[in-house]
Every structure is written in structure tokens, then in C-alpha cells.
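Here is a short briefing on a structure with chains that meet. Look at the model first, then read the notes below.

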Amino acid sequence: MTSRPQLIFLLVMFALLAVLPFVGSRYFVELAVQVMIFSLFALSLNVLAGHVGAVSFGHAAFFAIGGYACAFFLTRWGWPLPLAMAGAVVVSAAASFIIGILCVRLNAIYFSMLTLAFSMLVWAIAIKWKPVTGGDDGFVGITMPQALTDPTNFFWFTYAVFAASAAALWVLSASAMGRAFVAVRENAVRASFLGIDTKRMRLIAFVIAGAFAGLAGCLLAMYVRGMYPTTAFWTQSGQVIIMVLLGGVHSFVGPILGATTLYLLETTTHQYTEYWPIVMGLILMVIVLVLPDGLVGLIKRLRPQRRA
Amino acid sequence: MAILEVGNVSKRFGNFTAIKGVSLNVEAGATHAIIGPNGAGKTTLFNLVSGLTPPSEGEIRFRDRRLARMRPHDIVKVGMARSFQKVNIFPRKTAAENVQVALIANSGMNYNFFRSARRLFHDETMELLALVKCADDADRRAGELAHGRQKQLELAVALAADPKLLLLDEPTAGMSIAETKASIELIKDIVAKRGLTLLFTEHDMNVVFEIASTISVLHHGEIIASGLPHEVRENDDVKRIYLGKD
């Protein structure tokens, strides 16, 4: 999953992002914040979809749980920011542990369908549990630390969280555990006959993915100053799958590339037409028909091949 | 002392009984062959013994532990490793990566999310690849190797689990005569060096009589003869089955 060219790509990307607040307009700084949030969300899904090969159709559930929890802790209980975020990550991880135990027993499409079902349950709870979530109207008006209300400061905050998360996930990808994850994806029967508890590995991946999705949810809640049930809706889960597929599942940077490309395309398309779903549908067709390994696969194909 | 005890085990698939009341002891240090015509139930028996499928009846004990409540990965941890009749490896990974992840699993480091895998178990990996004569293929994708090489790689992957009992399901299936010969020499050598107990199925009778210390004959899911090679060779039932006068 990891490689030297990808590490260089990441370093260049973070270096360029660091320059943005000094040269870009406020519009671009805010756009970069959104792109970073969705990139982190996509990276988290890839721990599941890419590493252990379990495609969750309900990953948005944990994105929303993290966001609601963070909003709630900050606003209702008045927790300080680091505590509220840590609490939100713990809540997302706990929710993914409980849901994960039930889901990782199943394979392939059954796994995907059950994750979808649970995410719709989370969505329904978000709508019905008005005292906590604000129901249909959403959780509006989050109490934020004064410093983070400044867009540039919030950019740096998001940048720091995104960079630290990407680094942590990179270390995971390159680790012994990362190798075992890939073994489970490539051949679960063989992996279990090596002594790997494949269900437990899938559960660990599920919880890690849920925790980082929750962290991305915290950033989203603070960025939009609210949290809404649509974040848990299945279309949001579908979008993040497309982001990961567009970038390429079998690489580390793929999800970041995919999230960035899709998000920027969506934003620009919206300026010209309201028919974004048509464009998204076309993108999905192109991925399935000609880009099975996503943009990363395309880049690899275009580069002159070095033979080991 | 028996390392593996199969006690009156049956396996049914719907109305079909693949294994009928099989009892079998594999002695520690033995080289035990299971032979029998196609469809006799050899692979089914292997899948029962390795925990891939649960028996319908009966009990299997491995190193004095009941397999009933254990899953394959638990059984591996107790000291059993297996190969499959149809090569079962990670075809998109290199030969070295195949062996490395097996070593990671065996060491329990599959729960270590911090330790970089880059140079992990490099020497041990190369040693195992050299043992099965695949050192030159270390950086080639496993799926691109010749069939015989893939079989040997799977042997290395199984050995990485540091087993006490090694199960090989048709280790020479699909191999040329020369490959079979080389492969058998290799297996004999490894089993002797590592003091392994070997349980294997094989269709090639020359191979069986060359390396087996004990032979059990499976026919229509039942053990019809079991004993030393010369005893089995002289057994009338066995002769009848193999001469096709059934």
C-alpha cells in the first residue's frame, strides 16, 4: 500500500497546502479545508475497503456520529475542544466496535448490505433523537473556541489534524499489521491457515476506520458549525466509496487524490449546472470500465515501467 | 504417542456421506500417507483435520486438544500447518511477501501497527525461500511462478508457521516427473531436518511408497486398511481397489 513515490507525493502535497494561506484567497483556503476533511474521511474508509478489502456501504454513519458527538460535547456539556474531539473519537470507535462485531462475520455483499442497514439506523436516530441531535433541523450553532472562528486559523487546525492522521495511517499501512490486513484481503482462507484471526483483523480495521471517520466528522461539524442527518445518509456513504474508487483502493494516496478530484469537480460543476449526479454517474462509469485501479493506477500506467 | 487422533468421524453433505466413521491415529514423527481413488474423501478428511469444515460426528484431537471449538487460526497456533491440493497462496504478492506475512502471523506481530514491515523477518524469509529452492524468485509475484514453484512456495509458507504437524494435500499434483522427484527429495529432507510429523495425500504410488512410514487407504469415505507400507501393499482389499476389480 505504501511506497516511496507516494511518500514524496504526500510531502509535496502538505508543503503546497502549507503555502496556500499565504497566497490563496479566502475562497481557496475554505475549499482546501473541505477537501482535507473529505480526504481524511476517504482515507479512513480505505483502511477497510483497501486494506482488508471489506467495502462498507455505511461508513458515513461514523462520520456523522463523530460530528454529532463533538457538537454535543462542545455545546451542551461545554467540554474543551481537545476533550470533545477525543470523546467524539471514542464514541465513534465504540459505535464501530459494536456495529463491527455484527458486520465482520459476513463477507462481500452481505457485509456491505449490513453496514448499509446500520448506517440507515444511525440516520433514523439522528432524525428522531431530537434532544441530542436536533432532529430534522440538525444540530445548529456549535460553541467553538474563539480562535477557530477565524478561517485561516481553522485551516491550520484542520491541516494539523489531517497531517497527523495521515501520518498515523501511513505508519499503520507500512506496519506488520498492515501486511496482515492485506493478507486477509488477498486470500482470507490462506491468511487464517497462517494463524491470522481474520475476523478479528477485520474488526480492528473496522474500528480504526470508524475512529478516523469520527475525527473527520468532528472537523466537518466545526467547519459548518452544525451537524445534519444527511451526513449519515447512504448517499454520503456512496460518495466516499466513489472517492476511494476514483483515487484507487490499493494505494495509500489514492483516497486523497479521489476525494480531492471528486470534491473539486462537484464544486465547479455546481457553478454551471444542477445536474451534478449525471457527472458523478459518468465518473463512476469511467472508473468501472477503464480505471479499475483509479487515478493512481492511471498514473502508474502512464509512467515508464521499471522492472525489478 | 499420537499427535493427531481422529475418532469415529463422519462428514455428510446433504444426503451424501463423504466420510464414514473414520478412526485414525497419526504418531508423532511419522510420515503418514492417506491414499485412495479419486473421490475417496481424502481432501474432505484433510479439511476436517485442519478445521476448515466441522465434522458431522466424531471427535478430532490434535496434541491432546479437541478441535471442535477451535477455528483454523487457533489450530495453526497449536502447531499444524497445511498446503492445499490447488495451490493456495497470495498470487499478487511477491514470493518474499508471501513468506514474510506468514512469519508475521506466526510471531503474533500481526497486531503490531507501529513496527515497519519493510525489513521485518528479511533473513528468516530468505532462509525459508532458500530451503524450498525459491530464493531466486523472492521478488517475483507468486502468481507468475511456474506451478511447481508455487507448490514449493506454499510449502515455505506452511513451514513459516513452525508446525509440529504438516499436512500436505497432493504435494506433487500437476508436477512433471522430474519436478515430482525433486519435490519429494525436498520434502523428505525438510521433514527429517525439522523432525516434523507429516500427513499427506498423494495419487502417485511411487511417491507414497518412497516416503511413507505409515499408509492408510481411504475408499468411499472409509478406512479399509492402515499399516506399514508392505502390509498395505499386500492387503487384498487394497489390491482389488487399485486393480479396478471393485
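How many residues does the contact take from chain B and from chain A? The contact takes 29 residues from chain B and 22 residues from chain A. Two residues are in contact if their C-beta atoms, placed from the backbone, lie within 7 Å.

This is a predicted model: local features need pLDDT of at least 70, side-chain atom pairs count only at pLDDT 80 or more, and totals for chains, interfaces and linings use all residues. Residues are numbered from 1 along each chain as its sequence is written, while chains are lettered from A and ligands numbered from 1 in the order in which they are written.

**The side of chain B that touches chain A**

- Helix 2 (72–78) and helix 3 (95–107) of chain B are the elements that give two or more residues to this side. Helices (H or I, at least four residues) and strands (E, at least two) are DSSP runs, numbered from the N terminus.
- Helix 3 of chain B provides the largest share, six residues.
- By class, this side has 15 nonpolar, seven polar and seven charged residues. Here Ala, Val, Leu, Ile, Met, Phe, Trp, Tyr, Cys and Pro count as nonpolar, Asp, Glu, Lys and Arg as charged, and the others, Gly among them, as polar.

**Chain B as a whole**

- Chain B has nine helices and 10 strands.
- Its radius of gyration is 18 Å, close to the 18 Å that the globule rule gives for 246 residues, so chain B is as compact as a globular protein of that length. The radius is taken over C-alpha atoms, and the rule is 2.2 Å times the number of residues to the power 0.38.
- Along the principal axes, the C-alpha atoms of chain B fill a box of roughly 55 × 40 × 35 Å.
- Of the 246 residues of chain B, 48% count as buried. Buried means 20 or more other C-beta atoms within 10 Å of a residue's own, exposed means 12 or fewer, and partly exposed lies in between, with C-beta atoms placed from the backbone.

**Nonpolar core**

- The largest nonpolar core has 176 residues, and A:Ala180 and B:Ala156 have the most contacts inside it. Such a core is a set of buried Ala, Val, Leu, Ile, Met, Phe, Trp, Tyr and Cys residues joined through C-beta atoms within 7 Å.
- Helix 10 (residues 198–224) of chain A gives the most to this core, with 18 residues.
- A:Ala180 touches residues of both chains, including A:Ile196, A:Met201, B:Val101 and B:Ile104.

**Strands of chain B**

- Strand 1 (residues 2–13) and strand 2 (residues 16–27) of chain B run antiparallel, joined by eight bridges. Two strands pair if DSSP finds at least two bridges between them.
- B:Val6 has B:Leu24 in strand 2 of chain B as its bridge partner.
- In the hairpin of these two strands, B:Gly14 takes a positive phi near 65°.
- Strand 1 of chain B also pairs with strand 4 (residues 57–62) of chain B, antiparallel, over five bridges. There B:Leu4 stands opposite B:Phe62.
- An open sheet of six strands in chain B has the order 6-7-8-3-9-10, with mixed pairing.
- Strand 6 (80–82) and strand 10 (222–227) of chain B stand at the edges, each with a single partner strand, so one side of each is left without a neighbour in the sheet.

How values were computed
Lists of a residue's contacts leave out its neighbours within four places in sequence.
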